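Here are some notes to read alongside the model. Please keep the sequence open while going through the points.

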Amino acid sequence: MIILRLLLLVSLLMFTGEVVFAQSDKDQPVFNRYKEVEGFVSVKIQEIRAEGKRVTSDDVDGLEEKKRALARKYANEILAAGKPTGSERYYLGLLFFLAEDTGKSLDLMKDFLSQYPHNATGELIQMARSYCLILSARKQLPDDAEKYYQAWINGDPVIKSRQPKLENVLSIALFKKQQYDKAIRYGQEAFDLLKTYEPRTIREKRDVEQLYVNLVEVLALSYKKSKKDDLALSLLAEARARAFTIPSANLYRKVMEFVKGSSFSEKKLMQKIESYEAASPAPEIAIVDWIGQEPTKFEQLRGKVVLLDFWATWCGPCIATFPRLRGLHKKFKDKGFVIVGVTELYGSGDGKPMSKLEELDYLNEFKRKYDLPYPFAIAEDGQDASKYGINAYPTTFLLDRKGVVRYIGVGAGGEEAENLESMINKIIKE
């Protein structure tokens with residue numbers, strides 16, 4: 001069974017980008033310290049890139065640790081100088097939040113709210129209520145978290161885009177305390193609200209994707225614990241269809257992880273719901289180079305059934321799928337079916353550092369070595385992860401003749417290969 005791990009932390013991190021500032025705060029020393037810490041990682045990343053260096057995940061992890069340490073240092077210095085008043089209590093609470101000191105952060109947020117009547121309105125007050133909810137959930141106090149949620153939903157202003165995030169946090173906290181009916185109530189409401197939300201940026205899109213991932217797990221588990229298997233199946237089927245419309249390999253993978261650990265099968269999900277009729281075409285990717293084909297855009301492939309295979313030269317499971325891909329190409333190439341192998345430049349090959357031109361030459365040789373008859377598209381760094389929600393290779397996206405995602409495959413499993421070929425056959429005949 002899938003275990004709820006790190007979901008609450010993910011929810012907390014997603015919320016940190018929504019801090020609200022009062023116009024009068026810009027000259028406050030606590031506010032300025034908070035702003036310095038909040039922007040620490042992005043400033044340092046820009047400095048690294050300005051030196052012409054690539055930012056690695058290890059670099060980001062190290063910077064996040066330094067950010068926590070700086071938040072802790074500033075917060076303790078401010079507290080030692082005397083308890084701040086007014087909105088500075090809120091910003092000090094945020095500093096302790098960034099330092100991951102849950103207890104002090106919650107105390108300061110509650111202290112900030114205690115200055116106002118229970119029915120007070122205002123954006124800063126609403127944000128403090130949301131943080132009290134999140135921090136109470138982190139301390140495994142779901143009843144308190146629910147109390148702060150009710151204060152927030154009955155307060156003003158209620159920013160609807162925040163509601164699913166808060167309900168997600170609350171649902172997870174209630175699940176952990178085995179309050180499954182309540183977990184379902186808040187989790188399902190969050191899931192349904194997300195369907196009405198139209199992200200405007202890639203960042204918002206990925207936040208929505210992560211919320212779906214969290215909600216699928218807590219809701220499917222809660223339904224199973226409540227002996228409501230049919231509702232769990234309906235949820236998973238809808239989440240699978242939603243993975244195609246976002247599109248998100250990450251969400252699809254979460255659904256299939258749960259399916260494989262239950263009595264369900266993907267075939268059952270495929271029979272339950274298909275919502276591709278209303279879906280938009282898959283997003284374009286910035287392609288910096290092509291191997292084996294003239295430069296083109298994905299939209300120029302409309303009218304064909306397209307399999308996007310996201311892979312890397314260092315990925316063993318990717319190489320293991322090559323015979324299957326060659327077989328699909330041979331079987332369907334005369335029926336309007338094309339494969340595009342999407343990869344990136346990693347600055348190395350066979351364990352050796354390479355320049356851009358060296359790596360492009362290496363990819364040409366790689367294509368010949370494995371006798372791959374389809375072209376490679378070299379994506380701009382990070383485009384596959386940000387636009388298609390990919391966090392594992394190989395991952396494939398099957399697009400119909402309108403460019404709409406109709407199937408996602410993650411890994412090199414036999415059942416997925418069978419389902420993929422079945423879906424290719426179905427779309428070709430449409």
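1. Helices (H or I, at least four residues) and strands (E, at least two) are DSSP runs, numbered from the N terminus. By that rule, Ser105 belongs to helix α6 (residues 102–113). This is a predicted model, where local features need pLDDT of at least 70, side-chain atom pairs count only at pLDDT 80 or more, and totals for chains, interfaces and linings use all residues. Residues are numbered from 1 along each chain as its sequence is written, and side-chain values use heavy atoms, with hydrogens and water left out.

2. Is Ser105 buried or exposed? Buried means under 20% relative accessible area, exposed over 50%, partly exposed in between (1.4 Å probe, protein chains only). Ser105 is buried because its relative accessibility is 0%. Contact means heavy atoms within 4.5 Å. Not counting residues up to four places away in sequence, Ser105 touches Gly93, Phe96, Phe97 and Leu135.

3. Helix α5 (residues 88–98) is largely enclosed by the rest of the structure, because 11 of its 11 residues are buried. Among them are Glu88, Arg89, Tyr90, Gly93, Phe96 and Phe97. Glu100 follows α5 and has a positive phi, near 65°.

4. Next, the core. A nonpolar core is a set of buried Ala, Val, Leu, Ile, Met, Phe, Trp, Tyr and Cys residues joined through side-chain atoms within 4.5 Å. The largest one has 136 residues, and Tyr90, Leu308, Phe337, Phe397 and Leu398 touch the most other members. Helix α11 (residues 202–225) supplies the largest share of this core, 11 residues. Leaving aside neighbours within four places in sequence, Phe397 has contacts that include Pro247, Val306, Leu308, Tyr388 and Ile408.

5. Ile291 sits in strand β1 (residues 287–291). Ile291 counts as buried because its relative accessibility is 4%. Lys367 is 76 residues away along the chain, yet the two C-alpha atoms are 8.7 Å apart. Not counting residues up to four places away in sequence, Ile291 touches Lys367, and also Leu360, Leu363, Asn364, Pro375, Phe376 and Ile378.

6. How do two helices pack? Helix α3 (residues 40–50) and helix α4 (residues 57–80) meet at an angle of about 140°, with axes 9 Å apart. Axes are lines fitted to C-alpha atoms, for helices over the stretch in contact, and angles run from 0 to 180 degrees between N-to-C directions. In α3, Phe40, Val41, Lys44, Ile45 and Ile48 meet Val60, Leu63, Glu64, Lys66, Lys67 and Leu70 in α4.
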